[in-house]
Amino acid sequence: MEFENRFDTALYGVPESIRRTLLFLPESLKNKTEEIRLRSGLPLTLTVRGKTFFLRKNGEIIDFITRDLLTTKKDEVYESFKLICKNSIYAHAKEIKSGYIMMRSGHRAGICGRVVEEGMKDISSINIRIARQIEGAADRLAESFDGGGILIAGPPGSGKTTVLRDLIRQLSSGKTGFFMRIAVIDSRGELSGSYEGECSNDLGPNTDVLLCEDKAVGSLMALRTMYPDIIAFDEIGTALELKSVAESFNAGVSLITTAHIGSRDDLQRRSVTKALLKSGAVSVVAVLPSDINSEMEIFSTEEILSEFDD
C-alpha cells in the first residue's frame, strides 16, 4: 500500500463529525502526519513531523491556540473507541489491557482512561498512530550490511520502526545479492501491520512473521522451527530478551533490533543495550536523530565500546 493512502485508511477510527474535516486536509499534510490525537473536552491535534498542530473548525491547520479550535467531545472519544474496536470491545480486551488496539492497515491506537482489572474504562483520550512504510529509509544500512547484527537506536518518534521495517524488506528482497531468511517477532503487530491474519506492510518475499507478545519466547521458537538467517524484532528491553539473543547468536543467527535512547551516551547507561553490545551479537549501531533534518549516524560496535572504556 502506498504511504500516500495511509492517513485516510486510519479515519475509520474517528467519528463522522471529525472524519469529514480530516478527509479534506491537503494531501501534502496527510503524508507528513504521524498521529491523530483525540482528547475528551480538548482540541483535536495532529502530530506532523514531531510537532503539534491544531485544527480550526473551518479545517485550517494552525500551531497556536485560539477560540475556534475543533474540540473533541467526550462521546466522540468513546465513539472513536468503539469504531476502532469495530464494536467488539471484548475481542480486543487483551490489547486494551496493554494500552493499545491494533487497527487495519497497520495503524495502532493508544488508549488512555481508567485502568481496571478487566482492561480500561472511561476512555479519555486516543492516539491513532499512522503506520508508515517508507521505501529507502534503510538504504545506508542495507548497503553496509555485512551479515552481522544491527542495533537501530534513537529517541521516540525518530523513525526506528520505519527504518527497521525497510531494512527487513530490503534484506529479504535480496539487497545484499542473496535472499536472507528473516523471522520477524512482532509483539504488537506494528512491524508487519498484521490484522486478522494479513500483513499490510511489505517485509519482503523471504520473511516469516510470528505474532508473539513475549519476544524472548518468540525468538527461541523461530530459531528452532524456521531456521532463519536473521531474527528481527522491535525494542529490546529485558534480560530474558537478551538471553534469547545470545542463544540465537551462538546458533549463527544475526539479530536486528531497536532501542529507545535519548542520546548516544544512553547506550552505555542502559544495562540491556550495554550488555547487548558487549555480547558480540551486534556489529553495527545506527543512531537516529530526533531532528528529522539530520542524518542517521552509523558506528561499528567497536567504536561505541571504546567510548565505554574511556
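A residue is called buried when its relative accessible area is under 20%, exposed when that area is over 50%, and partly exposed in between, using a 1.4 Å probe and protein chains only. The model is predicted, and local features need pLDDT of at least 70, side-chain atom pairs count only at pLDDT 80 or more, and totals for chains, interfaces and linings use all residues. Residues are numbered from 1 along each chain as its sequence is written, and side-chain values use heavy atoms, with hydrogens and water left out.

Strands are DSSP runs of E with at least two residues, helices are runs of H or I with at least four, and both are numbered from the N terminus. Seven strands form an open antiparallel sheet in the order β5-β4-β3-β1-β9-β8-β7. Its edge strands, β5 (61-62) and β7, each pair on one side only; pairing requires that DSSP find at least two bridges between two strands. Within this sheet, four bridges join β1 (residues 33-39) to β3 (residues 45-48) in the antiparallel sense, and E35 stands opposite T47 in β3.

Helix α4 (residues 74-84) lies across β1, β7, β8 and β9 and runs at about 80° to β9. Axes are lines fitted to C-alpha atoms, for helices over the stretch in contact (heavy atoms within 4.5 Å), and angles run from 0 to 180 degrees between N-to-C directions.

Most residues other than glycine have a negative phi. S105, in the loop between β7 (100-102) and β8 (108-116), has a positive phi near 65°. This serine, S105, is buried, with a relative accessible area of 12%. D122 lies in strand β9 (residues 119-129) and has a positive phi near 50°; D122 is exposed, at 54% relative accessible area.
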